[in-house]
Structure formats: structure tokens, C-alpha cells
Amino acid sequence: MLGCGGFVGSHLLDRCLSHGLGGAVPEVVGWDLDDRKIRHLVHHPNFIFRQGNCADPDARGQLLVDLRDADVVLNLAAICNPAQYNTQPYQVIRANFVDTFDTVQMCAEAGTWLLHFSTSEVYGRTLSSYVDDSYADPALYELEEDSTPLVMGPVANQRWSYACAKQLMERFIYGCHTEFGLRFTIVRPLNFFGPRMDFIPGREGEGVPRVLACFLGALLDRKPMLLVDGGMARRTIVGIGDAVDAVVRMLERPDAAANQVFNVGNRANEVTMRGLAEMMRRIYADVSGDVSYLSHPIEDVSSAEFYGAGYEDCDRRMPNLAKARRLLDWEPRMPLEDVLRETIQYYYEKYGTGRAAATRAA
Ligand code: UGA
């Protein structure tokens with residue numbers, strides 16, 4: 001598992017090591033620079049943790065041994081934070097394409113199944129956004145793995161550096177399948193939410209994380225929640241537990257998952273960013289017992305101010321999930337309200353109460 005110490009990797013490890021796969025606890029070799037999200041697992045008897053950068057040339061020998069020995073390689077290593085796409089496009093393209101190139105090639109050479117985490121961003125903008133039909137025609141905005149066009153903006157709008165690198169990586173994997181018989185599965189995540197996502201600014205890291213951590217940080221710090229360009233962008237949000245369940249089904253059904261691309265999301269949990277901010281402050285008020293949060297400020301900010309020049313947005317991401325249902329018998333279950341409540345509760349217990357006590361003491 002490359003990138004085992006991130007948000008998704010840490011939850012996948014939890015599930016595999018505590019519940020097993022197909023009735024047995026697998027042996028997992030995990031690579032990551034950072035162990036903060038998996039410290040509770042590093043001494044598990046079925047887990048070997050290699051702390052380091054798997055893309056480092058010095059690590060290549062060990063990585064090759066690990067990839068050859070494995071039944072499946074899960075590649076989660078990525079830079080996937082929109083605040084970096086237009087400000088650090090070199091790093092973004094390097095991490096998401098160049099650094100992954102060798103891994104894919106090694107899997108092809110070793111004959112090892114590669115389960116690669118791509119992104120829903122490869123779809124880019126919807127066709128609806130070009131015809132201004134207010135989403136009248138689902139065929140113009142619904143995202144289907146094997147038929148929907150992948151639509152990006154111009155090169156100078158560097159938001160697309162990430163989507164483009166990820167798209168090229170998908171095409172490279174597919175090419176290795178065609179030419180060298182690489183067995184692959186590609187996952188396109190659609191906004192996985194849950195505990196341990198990203199970093200809370202000022203507590204777990206610095207900078208601008210994705211929207212969940214931005215809004216949580218604002219609530220914890222009693223600062224306004226900022227809505228980029230009016231908060232009209234829509235996302236479908238899937239709980240991390242449901243998402244991990246989809247991946248576990250892929251691992252348990254290798255024949256069904258082989259050589260397929262899967263959307264993993266939750267159609268029922270669609271929300272605008274304004275709607276998300278309003279829901280989060282209501283749930284935060286409930287979890288904290290502090291009704292003043294019901295009117296917590298929500299302010300508008302332009303994308304140029306928030307992200308800098310060259311940012312553009314994906315307007316809507318409505319996944320078609322028929323393939324996951326058909327081949328994996330998977331259906332997401334957790335409603336948005338429950339996903340947010342579980343996540344807010346986690347962060348409130350971690351940071352909220354301590355902060356409140358510190359404020360009272362002060
Ligand atoms: C990101 C990544 O680019 C994808 O690779 C990944 O698949 C996806 O997250 C995901 O979590 O699955 P995006 O949804 O655009 O894509 O990331 P966010 O930073 O969470 O932004 C969501 C929306 O909220 C955007 O419209 C953004 O402008 C807005 N936003 C963000 C705010 O309104 N306020 C904020 O404080 C932060």
C-alpha cells in the first residue's frame with residue numbers, strides 16, 4: 001500500500017487489519033513518509049511499515065521486491081489538494097504522474113495487479129456547464145466511467161494540472177494493460193469525507209486544505225466559513241466507511257474488479273458548498289451544545305482571492321454507480337447528515353472541548 005499514511009490509506013488499513021479480507025487478515029507492507037494517522041497500527045503483527053518516499057531512487061530496490069511479492073499493489077500516493085494545483089503545478093504533475101510512472105511499469109513487469117486511486121477530477125467540467133441548461137439533461141452532467149468525455153480548461157488555468165496528470169496516468173495504466181497485460185483497477189473517488197481527512201489548519205498543518213477541513217477549522221477557530229465564488233459548486237459526498245467498503249469488495253472480487261474503472265461516490269449526498277456550510281454549522285451547534293453556532297458567519301470570497309490566479313472549478317459531480325452495483329454489489333449507505341455528524345463529533349472531541357476549556361480557563 002503506497003501512501004498508506006494518508007486519510008484513505010489509514011482507513012483502509014484499519015479495515016483490512018481489523019476485519020480482514022475474505023475471512024483472513026492480510027499481510028500488508030505500507031509505504032509513507034508520514035505515520036501520524038497510522039501510529040495505532042505500526043506495531044500490528046500483519047503490518048510492515050516502510051517510512052520513506054517510495055519514489056526515491058534509493059528506495060527502488062526495496063520497492064521492487066515489495067511489488068514482486070505482492071498479490072496487489074494499492075497506489076494511494078498523491079498530491080490531491082486543490083490549493084496546490086495552480087500554485088505548485090510542477091510538484092503536482094511530478095507527484096501524480098512522474099513519480100507514479102515507475103511503480104506502474106514495475107507492476108507491469110512483475111505481473112502484479114495494480115489498484116490505482118485516480119480522481120473524479122479527470123471528468124473536469126460537465127458538458128452542462130457549456131450549454132447553460134441548468135442541468136436539465138442528466139446525460140450532460142452524469143459521469144459514467146467508460147463513456148463520459150473528460151473536459152479540461154486551457155493550459156494557463158493551472159487548476160487542471162492535477163486532473164491532466166491523473167488522466168494521463170490512467171491512460172498510461174490502460175496502455176500498459178494493452179501492451180504488457182498489466183492487470184489494473186482504477187478508482188475515481190468522489191469526495192470521501194470522514195475523520196482524519198486532510199489537516200486542520202493551525203493544528204495539524206499549515207495552508208489551505210479541502211473544503212471539509214477548511215470549514216471545520218473555521219468553526220473551531222470561530223472564524224467565518226468562506227464560500228468560494230458564491231458556493232454554488234456541487235459535490236456528492238460519500239462517507240469514508242462506505243468508500244472503504246467499495247475498495248474491500250474490489251480486493252475480495254479480483255476477477256470482477258480487474259481491468260475496470262470505478263466511480264466511488266454517493267448520488268444521494270449531493271450538496272452545494274453553501275448548503276454544506278449551513279449543514280455543518282447546524283450540526284456543530286448540536287454537537288457542541290452551543291446555539292450561537294447556528295448563526296456562525298458564512299462569507300463570500302472570490303476564487304482568485306482564495307486560491308490565486310489560474311483556479312477553476314468542477315461545477316458538478318454526479319457519479320453513475322451502476323458498474324459498482326453490478327460488479328461489486330456495492331451501494332453507499334450513509335446519509336450526508338450522518339457522515340458530517342460522525343466527522344464533526346471526531347474533531348470536536350479532538351480539538352473543540354479542549355479549546356473551550358482553555359478559553360474558559362483564560
Ligand atoms: C478535490 C480533489 O481535487 C480531488 O482529487 C478529490 O477527488 C476531491 O477533492 C475529493 O475529495 O474527492 P474538490 O472537491 O474540488 O476536489 O476539493 P475541495 O477543496 O474540497 O473543494 C470543494 C468545493 O468547495 C470547491 O468548489 C471549492 O471552491 C469550495 N471551497 C473550498 C469553499 O467554498 N470554501 C473553502 O474554504 C474551500
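So, what radius of gyration would a compact globule with 362 residues have, and what does the protein chain have? The rule puts such a globule near 21 Å, and the protein chain comes out at 20 Å, which agrees. That radius is taken over C-alpha atoms, and the globule rule is 2.2 Å times the number of residues to the power 0.38.

Before I go on, a word on what we're looking at. This is a predicted model, where local features need pLDDT of at least 70, side-chain atom pairs count only at pLDDT 80 or more, and totals for chains, interfaces and linings use all residues. Residues are numbered from 1 along each chain as its sequence is written, and side-chain values use heavy atoms, with hydrogens and water left out.

Okay, the overall picture. The C-alpha trace spans about 60 × 50 × 40 Å along its principal axes. There are 13 helices and 14 strands in the protein chain; these are DSSP runs, H or I of at least four residues for helices and E of at least two for strands, numbered from the N terminus. Of the 362 residues, 52% count as buried, meaning under 20% relative accessible area, with exposed being over 50% and partly exposed in between, using a 1.4 Å probe and protein chains only.

Let's look at some ligand oxygen contacts. Glutamate 121 has a side-chain N or O atom 2.7 Å from a ligand oxygen. For threonine 119, a polar side-chain atom sits 2.9 Å from an oxygen atom of the ligand, and for tyrosine 311 the distance is 3.0 Å. How much of the ligand does the protein bury? Taken alone, the ligand exposes 700 Å², and 98% of that is buried by the protein.

As a rule, most residues other than glycine have a negative phi. Aspartate 198, though, has phi near 50°, and its place is in the loop between strand 7 (192-193) and helix 7. Arginine 222 has a positive phi of about 55° and lies in the loop between helix 7 and strand 8. Buried or partly exposed, then? Aspartate 198 is buried, at 17% relative accessible area, while arginine 222 is partly exposed at 49%.

On to a strand pair. Strand 6 (residues 184-189) runs parallel with strand 11, with five bridges between them; DSSP has to find at least two for strands to pair. Across that pairing, arginine 188 stands opposite asparagine 263. Strand 11 (residues 260-264) is mostly covered, with four of its five residues buried.

Last stop, helix 1 (residues 7-19), where we find serine 10. Serine 10 is buried, at 0% relative accessibility, and a polar atom of its side chain lies 2.9 Å from the backbone oxygen of phenylalanine 7.

Key:
A polar contact is a pair of N or O atoms within 3.5 Å; within protein, one must be able to donate a hydrogen and the other to accept it, and residues adjacent in sequence count only if both atoms are side-chain atoms. Accessible areas come from the Shrake-Rupley method with a 1.4 Å probe; for residues, only the protein chains shown count as cover.
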